[in-house]
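Here is a short report for a modelling reader. Take a look at the sequence and structure, then read on.

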Amino acid sequence: MKLNAVVNAEDMRALARSALPRIAFDFIDGGVADEEGLTENRAAFRRHKLVPRYLVDVSRRDQTVEIFGSRYASPIGISPMGIAGFFRPGADLMLARAAAEANIPYIMSSASCDSIERAMAVAPDTTWFQIYGTRDPAIVEDLVRRATALRVKVLVLTIDTPIIGGRERNIRNGFTRPMKLTPGIVLQGLLRPRWTLGFLKSGGVPVMENWKPYSARKDANSVADLYGAQTPAPGQTWEVLHLVRRLWNGPLLVKGVLHPEDALLCAEAGADGLIVSNHGGRQLDKAPAPLDVLRDIRARVGDRLELIVDGGVRRGSDVVVALSLGARMCTFGRPAMFSVAGAGQAGAAKLLKLMRSEIDMTLAQIGCTSLDDLGAHRLASAARDGQPDLP
Ligand SMILES: Cc1cc2nc3c(=O)[nH]c(=O)nc-3n(C[C@H](O)[C@H](O)[C@H](O)COP(=O)(O)O)c2cc1C
């Protein structure tokens with residue numbers, strides 16, 4: 001598939017499938033175990049319907065959104081994703097630039113290949129930074145220090161990874177460290193010569209730049225070994241959130257929260273918001289879809305926290321549904337990775353444009369001119385019984 005044939009976010013998946021060796025495509029596309037969570041994330045969006053209101057003047061529609069004192073062009077952002085540079089050399093900065101051009105947030109993962117310093121240099125106003133707790137707290141402390149020095153707008157602490165989930169596609173494909181070059185993997189590389197050439201020309205496995213300062217040896221393998229030794233940190237507790245909160249003065253989001261009580265604990269620990277997420281079905285397969293817990297979380301924390309949803313967001317209408325259920329914004333991961341892997345910055349830019357245009361069309365179709373006018377009254381259950389669909 002070619003970029004000019006892409007008409008929606010799901011097409012980006014086909015684009016990436018034709019560009020990447022299967023082992024790489026599956027790493028992005030896959031979930032854990034039976035991939036129930038992955039399926040459920042999409043199913044949750046399908047269960048909701050928006051009921052249109054007509055004869056409303058929708059000739060002007062505004063989808064800008066304000067969060068943490070900044071106004072963005074659309075209520076969407078790019079979820080943090082590690083090792084993007086493996087799928088296309090330079091992918092992190094391509095995502096950063098595409099997001100800056102679209103004026104939406106790009107959340108750089110601390111497990112990215114390019115550094116947060118370089119991302120802030122190319123996209124200072126729209127780059128957010130995501131970190132994990134580390135076994136040695138000195139590292140998480142230093143990551144926060146760097147984010148502070150760079151004036152990163154928003155810091156994200158991901159807490160849903162006490163261990164890495166069982167990603168069976170990776171096991172089957174041999175996507176493990178250290179990777180053994182089996183005949184099957186070599187064949188996959190030969191079937192995708194463009195990707196393989198780009199990979200080899202850029203020097204093979206890219207270095208996780210954010211982690212370089214903490215590793216005595218600076219080659220890709222040594223840095224990845226250190227990363228693997230430091231994360232996940234299964235012994236981490238709420239103390240890591242308290243630590244980050246003490247060190248970081250700016251807006252702080254906690255990512256991976258699904259339980260309303262955890263949401264409340266985040267609020268009590270001084271977080272400013274949550275990314276309600278099940279890590280895109282890549283951690284606990286039996287976790288609920290984030291969309292399905294959104295209202296309970298909103299009910300538990302009231303207006304104390306900004307709520308962002310990720311997992312299965314593939315359509316502008318999904319974003320409108322999530323906002324109607326109480327989210328301020330949605331982020332998405334795989335479509336962005338697929339778009340950049342398949343077609344570089346132009347791919348990411350097209351994806352953002354498509355999502356923006358779908359949000360705009362949905363707003364027009366439901367008779368809504370501003371995101372402030374979204375709420376439970378837009379959803380089918382509210383229309384059916386005449387009652388607002390609130391908890
Ligand atoms: C390839 C890949 C790498 C990821 N790496 C990270 C990461 O480093 N940190 C993190 O918090 N979440 C990570 N995630 C999870 C995403 O941030 C996000 O929660 C998920 O992709 C959302 O689901 P979606 O892909 O269906 O949109 C990763 C997801 C993918 C697909």
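## A buried leucine

Which residues does Leu-291 touch, not counting residues up to four places away in sequence? They are Ala-44, Phe-45, Val-309, Ala-322 and Leu-325. Touching here means contact: the two C-beta atoms, placed from the backbone, lie within 7 Å.

Leu-291 sits in helix H14, residues 290-301. Helices (H or I, at least four residues) and strands (E, at least two) are DSSP runs, numbered from the N terminus. Leu-291 counts as buried because it has 27 C-beta neighbours inside 10 Å. The cut-offs: buried is 20 or more other C-beta atoms within 10 Å of a residue's own, exposed is 12 or fewer, and partly exposed is in between, with C-beta atoms placed from the backbone.

## Model and confidence

This is a predicted model; local features need pLDDT of at least 70, side-chain atom pairs count only at pLDDT 80 or more, and totals for chains, interfaces and linings use all residues. Residues are numbered from 1 along each chain as its sequence is written.

Among the elements, strand E3 (residues 76-78) has the highest mean, 99. Helix H17 (residues 380-385) has the lowest, 63.

## Ligand shell

The ligand is surrounded by 23 residues. The closest are Ser-79, Gly-82, Ser-109, Gly-280 and Gly-333.

By class, the shell holds twelve polar, seven nonpolar and four charged residues. Ala, Val, Leu, Ile, Met, Phe, Trp, Tyr, Cys and Pro count as nonpolar; Asp, Glu, Lys and Arg as charged; the others, Gly among them, as polar.

## Backbone points to check

Leu-55 is in the loop between helix H3 (36-46) and strand E1 (65-67). With 6 C-beta neighbours inside 10 Å, Leu-55 counts as exposed. Ile-83 is in the loop between E3 and helix H4 (84-87). With 21 such neighbours inside 10 Å, Ile-83 counts as buried.

Thr-231 and Pro-232 are joined by a cis peptide bond, with omega about -10°. Pro-232 lies in the loop between helix H11 (220-230) and helix H12 (238-247).

How values were computed:
Near = placed C-beta within 6 Å. pLDDT = per-residue confidence, 0-100.
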